[in-house]
Amino acid sequence: MQIKNGKDFWAGLMFMGFAAAFFIIARNYNMGTALRMGPSYFPSVLGGMLFFLGLATTVRSFFSKDEHSWRLFEFRPINFVAAVVIGAFAYWQAKWLQTNEWLQFAVVGASIVLFFSSFGQRSLWQLLAATLAFGYLLKPLGLIIATFLLVIGSGLISSESKMKEVVILAVALAIFAWLTFVVGLDQPFPVKPSFME
Amino acid sequence: MELLNNLLLGFQVALTLQNMWYCFIGVLLGTLIGVLPGIGPLATIAMLLPITFTLPPTASLIMLAGIYYGAQYGGSTTAILVNIPGESSAAVTVLDGYQMARRGRAGPALGIAALGSVFAGSFATLVIAVLAPPLSEVALKFGPAEYFSLMVVGLIGAVVLARGSVLKAIAMVCLGLLFGMIGTDVNSGVARFTLGIPELSDGMGFITLAMGIFGYCEIIINLEKGEAREVFTSRIGSLLPTWDDMKYAAPAIMRGTLIGSFLGILPGGGALLSSFAAYAIEKNVTGDKSREKFGEGNIRGVAAPESANNAGAQTSFIPMLTLGIPSNVIMAMMVGAMMIQGIAPGPQVMNERPQLFWGLIASMWVGNVMLVILNMPMIGLWVSLLKVPYRILYPCILVFCVIGVYSINNNAFDAILTALFGLFGYILVKVEAEPAPMLLGYILGPLMEENLRRAMLLARGDFFVFFQRPISATLLVISILLLVFVLLPNIRKKRDVAFEADD
């Protein structure tokens with residue numbers, strides 16, 4: 001047997017994975033009857049449907065006339081395994097980690113960034129990591145500095161980026177974000193870093 | 001007479017200074033993102049949704065609607081001048097539009113696109129005003145069984161619209177419905193599929209989902225591909241088509257408008273489907289033999305799809321406004337926008353909030369007039385925008401995305417979720433599973449479950465109720481026919497390929 005259509009093969013596996021996860025978790029809830037459906041009824045039916053659709057997709061991939069390699073994008077198993085190990089550790093030791101905010105932040109952050117970095121090109125995880133950083137830095141650093149850092153961090157991802165351009169853009173967008181969201185739209189963002197308050 | 005009164009009411013609302021301002025912002029943004037490839041109305045509406053929370057409901061809907069139909073205008077500019085669609089619905093405009101530009105007729109191509117669009121837009125607005133009230137009346141009589149079947153039709157329609165494999169599209173619908181189940185169950189109060197994460201007890205939030213899958217994913221893919229863009233820089237010349245051109249294109253505009261208006265209403269329809277259908281039909285209409293062939297710069301090849309996508313964009317509001325069922329992803333976003341404002345979309349909106357309902361419809365007329373002004377005299381501005389390289393553009397998009405996401409709940413969790421969906425969207429693109437049906441499923445999931453439960457309660461647990469009630473049965477038969485229909489051309493296509501191989 002040979003995988004003819006790698007896209008269908010992985011898509012089917014992904015569907016089956018999601019279906020199994022939803023189906024298994026749904027078993028914790030009350031099924032009910034057709035007359036009085038419990039919280040588990042509809043998701044279980046959907047999960048079952050999705051599983052068979054996924055199975056059909058994967059089976060089809062062995063007979064497909066469209067041929068695609070089963071390697072669809074770059075995948076780094078070492079990063080992936082590391083992410084899962086650290087993530088599992090963070091999950092089991094959640095209580096202990098919660099005693100130190102910075103430790104928890106570092107462990108969870110490392111796990112997520114490693115997870116992102118296992119897929120695709122470098123630009124993918126850099127972009128997503130910049131987003132996460134912004135989410136965590138907005139409160140301590142304020143909107144203006146966080147936006148500035150976001151643009152610097154993400155602006156240099158593209159191979160065609162130029163440092164000078166990015167810095168000018170970062171300054172402009174930081175001011176623009178402040179004017180639009182805080183002055184114009186009255187959003188409750190911290191503007192100044194928390195240590196300056 | 002009632003129609004006139006209603007429209008009068010609508011214009012009173014739409015022509016207030018505040019609403020005209022938001023309409024202007026909407027169509028301006030729509031044109032902007034329509035012109036710029038790499039960002040579409042979906043991502044834009046997702047970005048702006050959190051902000052609309054602070055606006056009055058009517059103003060926010062007027063603005064978001066303006067983005068959608070405004071993008072149809074902008075998309076044609078890029079299609080004609082750059083040979084790539086600024087908007088997916090302008091994909092067929094590229095074929096003849098760019099050829100016209102290469103033959104020094106960029107001006108008339110842009111002109112006829114704008115004129116066709118404004119005609120189609122005005123006509124479609126009238127269609128909405130005429131069709132919406134009777135449809136709402138019918139919908140008020142719908143029971144839960146009818147609603148459930150209606151949603152089935154809507155979701156199957158989305159599958160028909162999705163490119164590529166039908167099997168995967170149906171699976172994506174199921175996945176979307178399952179994602180919609182995450183959060184607290186309204187009937188029992190059980191927190192479902194939250195994995196113990198308290199932030200998930202209100203559901204995942206469809207802004208994060210849409211932003212990750214459409215906004216982020218697009219940036220990731222574009223960065224991976226690198227930049228390749230060739231702007232047609234020679235003089236555009238006079239925008240006004242000649243009288244001869246107008247006479248030749250007029251029937252195509254009419255046909256495009258009618259096709260678009262019709263296809264927009266159908267479940268799964270909208271701008272995209274309309275423009276493709278209009279172009280396909282136009283190719284088969286025998287015209288003047290002395291004219292350019294299709295694909296070589298025929299002005300009808302620009303006029304028909306551009307009229308159709310505008311008409312389709314607007315009439316796709318009909319199912320959303322009258323039935324509360326979104327027919328495509330953009331309308332799903334509009335449903336989300338209404339829910340943010342505390343309005344349950346459905347047939348009752350027209351009676352309970354006539355100002356909002358008719359104001360939104362009238363604003364489309366206002367918006368179309370603004371768009372002609374924005375697009376005809378100011379075309380030079382948009383063309384110069386096309387020269388902005390992507391390396392400058394994507395940080396700007398990113399800033400709007402992250403600030404928008406953060407402002408929903410003011411916590412970092414939504415940023416993590418959006419990033420995860422960005423990755424998920426990337427994987428979906430790689431395995432060629434269309435994400436649009438998933439988002440539709442996600443929006444309809446809770447509604448579908450609720451109606452299924454009610455229908456079963458009323459029918460004492462008898463599943464055949466869906467086939468016993470005439471409207472419900474008809475709707476289900478339609479969805480089966482739709483599925484058969486979508487499978488047929490695939491079979492034909494495959495056979496065609498086989499025949500070609502024989503030759």
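Predicted model: local features only at pLDDT ≥ 70, side-chain atom pairs only at ≥ 80, totals over all residues.

User: How many helices and strands does chain A have?

Analyst: Chain A has seven helices and zero strands. Helices (H or I, at least four residues) and strands (E, at least two) are DSSP runs, numbered from the N terminus.

User: Why is chain A more spread out than a compact globule?

Analyst: Its radius of gyration is 23 Å, well over the 16 Å that the globule rule gives for 197 residues, so chain A is more spread out than a compact globule. The radius is taken over C-alpha atoms, and the rule is 2.2 Å times the number of residues to the power 0.38. The C-alpha trace of chain A spans about 60 × 45 × 35 Å along its principal axes.

User: What share of chain A is buried?

Analyst: Of its 197 residues, 37% count as buried. Buried means 20 or more other C-beta atoms within 10 Å of the residue's own, with C-beta atoms placed from the backbone.

User: New topic. Where does B:G256 lie?

Analyst: B:G256 lies in helix α10 of chain B, residues 243–265.

User: Is B:G256 buried or exposed?

Analyst: B:G256 is buried, with 34 other C-beta atoms within 10 Å. Leaving out residues up to four places away in sequence, B:G256 touches several residues, including B:G116, B:A278 and B:P305. Touching, or contact, means C-beta atoms, placed from the backbone, within 7 Å.

User: What covers the buried residues of α10(B)?

Analyst: The cover includes α6 (106–140), α11 (271–284), α12 (300–315) and α13 (317–323) of chain B.

User: Where is the kink in α10(B)?

Analyst: At B:A249, shortly before the proline B:P251, there is a kink of about 35 degrees. That bend is the angle between axes fitted to the seven residues ending there and the seven starting there.

User: And the interface: how many residues of chain B are in contact with chain A?

Analyst: 52 residues of chain B are in contact with 62 residues of chain A. On the chain B side, α18(B) gives the largest share, ten residues.

User: What kinds of residues make up that side of chain B?

Analyst: They divide into 34 nonpolar, seven polar and eleven charged. Ala, Val, Leu, Ile, Met, Phe, Trp, Tyr, Cys and Pro count as nonpolar, Asp, Glu, Lys and Arg as charged, and the others, Gly among them, as polar.

Conventions
Residues numbered from 1 in each chain as written. Chains lettered and ligands numbered in written order. Contact = placed C-beta atoms within 7 Å. Buried ≥ 20, exposed ≤ 12 C-beta atoms within 10 Å, placed from the backbone.
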